Amino acid sequence: MTTIRKLFWHRLINGWKYQYSVWKTVFDWIVALYIVIPFSAIFIDAYLGWWRQVPVELNYIPINGFLVIFLVFLWSGTLQVFVEDADQIFLFQRKIWVKGLIKYSLVYYMIKNLLVSLLFSIVWAPFLLLHYNFTTHMFVWLTAIIFLLKASIGILKQLLEFRVQGWKLGLSKTILLFLTGVFLRQIVSLLLNRSILFSLTFFTLITALIWLIYQRMFISETLLEDISMQQASKLKFTNVLLKYAGTYTKKTTTLRTSPWLFQNSNIIFKQRNPENSLVEICIKSTLRHSSNIIFYFQVIGAYVLVLTAYPPVLKWFWWGVSIPFLIAMVKPFWLESLNNPFVSMFPLRPEIKLSAAIRSLFLMALPGEIILALIVLLLTRQWLFALILFPLGFFLSKFVAKKLAMFS
Amino acid sequence: MDIVKVNIKTAGYMANKPIIKNVALNIGYGELIGLIGPNGAGKSTIIKAIMGLLPENDSIVEFGGSYKNYSYIPEQPVLYEGLTLWEHLEFAASVYEIDQLEFLNKTEGLLKLFRLTHVRHNMPTTFSKGMQQKVMLILGFLLSPSLYIIDEPFIGLDPIGIKDFLSLIQQARNQGTGVLMSTHSLDTAEKICTSFVLINDGTILAKGNLQEIREQSQLINGSLFDCFIELLEKTL
């Protein structure tokens with residue numbers, strides 16, 4: 001007879017099998033032999049090298065800068081409740097079963113977080129212990145903080161998603177991210193200064209996590225949201241693969257009836273023709289999905305981190321590299337738009353599709369390129385360089401967009 | 001003079017596994033042909049074969065006369081998650097290069113007729129099934145084609161929606177537009193269709209106007225429903 005525990009295990013194992021089948025489509029033995037194994041060997045070699053001698057570049061990165069990596073890690077992931085579509089019918093009135101699934105999912109979430117936090121800390125251990133003057137004792141405390149914070153933020157983000165929607169959710173998450181950054185910086189500072197306040201903050205964090213778990217356990221009527229989040233989480237990697245393959249994947253329908261951008265269906269291009277319309281719907285639909293915007297700015301943020309690690313001239317070089325990188329990054333947005341079943345219903349000439357692809361890729365990558373260019377300019381203060389490189393970058397963008405669009 | 005002559009020898013999704021065999025039908029100007037059949041009989045597959053959307057398709061589809069284009073209204077609404085209703089309509093209009101003034105006049109009328117004016121800037125993916133079906137009908141009627149191919153139009157539509165849809169179809173037919181309509185709603189089909197093609201198991205069971213169908217089923221005063229059941233039972 002099926003019990004809640006058996007059902008949970010069944011779903012967990014099925015979830016693993018599904019993810020394995022998805023990964024298998026990408027990492028066949030050829031990829032494993034020529035990419036995964038050599039890169040793993042290179043990483044292990046580099047890692048062992050860090051224990052002997054940390055990279056000199058670390059001298060340019062203060063501890064607060066280094067903690068940004070920890071912040072990105074803390075912010076990633078959220079609680080996954082193992083519920084499925086059909087639970088709306090079969091488990092909706094069986095509250096005990098739903099609560100049971102939430103309980104087991106929370107236990108699994110905690111164990112998983114503990115393991116990934118341990119692994120994450122071990123990866124960065126040489127830098128912390130050999131360069132940033134952490135003692136072994138402090139390192140263990142830091143690992144515990146990372147685990148507690150990551151678990152808490154994952155649950156807190158989900159509680160926010162239940163209670164706040166639209167731009168308010170975006171704003172709340174941005175504030176939460178900022179506060180997490182400040183908190184992390186302060187607690188690490190207290191740890192390094194061996195302050196008595198550290199113990200107090202640490203125990204407050206434990207209390208907060210217990211309170212959040214309690215809140216998550218007993219928040220009512222979240223089954224539909226849980227199902228939607230679980231589906232999105234399950235298909236996250238699959239969707240990325242399919243997008244790059246140019247296959248349309250159905251998006252989860254939001255509860256929002258009117259869009260938060262271009263609310264009155266305002267037009268972007270005054271002239272109405274098939275090409276402008278294609279570019280317009282691509283831009284609008286990309287902007288209207290907050291996950292696309294978050295992804296875009298996460299990549300820009302990560303690229304800014306990369307830029308800060310290099311000397312001035314190389315910063316400009318990496319800005320140049322960012323152009324094809326950003327265009328390749330926005331290409332799935334275009335493919336998703338073009339392959340949408342609604343768009344596929346209409347006869348569109350190949351030359352119209354191509355010119356719309358070039359413009360869409362160029363326009364969607366442009367804001368990121370401008371942001372990165374301004375950051376490099378601020379970091380290097382090489383105004384003359386900028387005067388020459390900005391127009392060059394503009395033409396390079398056009399050229400790369402054209403080349404990449406041809407492979408649609 | 002026919003708008004389209006269809007002769008499907010075989011058609012399907014996989015090689016050597018045809019779903020449709022020997023289906024021939026003609027649609028004339030102003031005609032409304034009802035494509036009738038049980039679930040899985042192959043009605044939607046015939047429609048896809050006519051539109052050339054099947055991977056395995058040995059058929060000849062000849063458009064004639066002053067044919068311009070066709071408009072397809074699918075059974076399942078096909079909508080774009082990130083666009084408002086108005087943006088769907090604008091996109092269709094710009095792809096078919098409909099004059100802006102004509103587009104505005106026509107769209108306003110259609111939105112009003114189907115009572116969707118107040119939600120024109122909302123996202124149709126959040127609409128009810130019936131409202132989504134109305135969006136598909138508006139998109140179809142926006143084009144003014146020579147031929148409408150409509151798959152199960154009555155599913156999800158409220159009675160007023162059905163009435164408005166039928167009146168638009170009648171107006172289009174009066175202007176010479178042909179219609180091929182797949183439906184399960186036999187009562188309505190009996191009232192509005194000029195002739196019928198009864199499909200079962202991928203082949204034609206009977207075709208013609210109601211009188212001819214009655215003769216083929218040997219039910220002289222039978223309704224379309226009775227004739228259809230009678231013909232189906234004979235094949236079992």
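View 1. The domain assignment (an automatic or database one) divides chain A into domain 1 (1-53), domain 2 (61-226) and domain 3 (245-405). Bear in mind that this is a predicted model, where local features need pLDDT of at least 70, side-chain atom pairs count only at pLDDT 80 or more, and totals for chains, interfaces and linings use all residues. Residues are numbered from 1 along each chain as its sequence is written, chains are lettered from A and ligands numbered from 1 in the order in which they are written, and side-chain values use heavy atoms, with hydrogens and water left out.

**View 2. Where domain 1 of chain A meets domain 2.** The C-alpha centres of these two domains of chain A sit 23 Å apart. In contact here (heavy atoms within 4.5 Å) are 13 residues of domain 1 and 19 residues of domain 2. Together the two domains bury about 1500 Å², and 79% of that comes from carbon and sulfur atoms; buried area is the accessible area (1.4 Å probe) that two parts lose on being put together, summed over both. Look for A:Ile4, A:Phe8 and A:Arg11: this trio supplies 45% of the area domain 1 buries against domain 2, more than any other three residues.

View 3. Two salt bridges link domain 1 and domain 2 of chain A, a salt bridge being a side-chain nitrogen of Lys or Arg within 4 Å of a carboxyl oxygen of Asp or Glu. A:Arg11 pairs up with A:Glu84 in a salt bridge, with 3.8 Å between the closest N and O atoms. On the domain 1 side, the elements giving two or more residues are helix H1 (4-26) and helix H2 (29-52) of chain A; helices are DSSP runs (H or I, at least four residues), numbered from the N terminus. H1(A) gives the most, with seven residues.

**View 4. Chain B against chain A.** This contact draws on 27 residues from chain B and 33 residues from chain A. The two chains bury about 2500 Å² between them, with 65% of it on carbon and sulfur atoms. On the chain B side, B:Tyr80, B:Glu81 and B:Phe91 lose the most area to chain A, together making up 28% of what that side buries.

**View 5. A salt bridge between the chains.** Chain B and chain A share three salt bridges. B:Glu90 and A:Arg272 meet through their side chains in a salt bridge, at 3.2 Å from N to O. Helix H2 (85-95) and helix H4 (129-142) of chain B each bring at least two residues to the side that touches chain A, and H2(B) has the largest share, eight residues.
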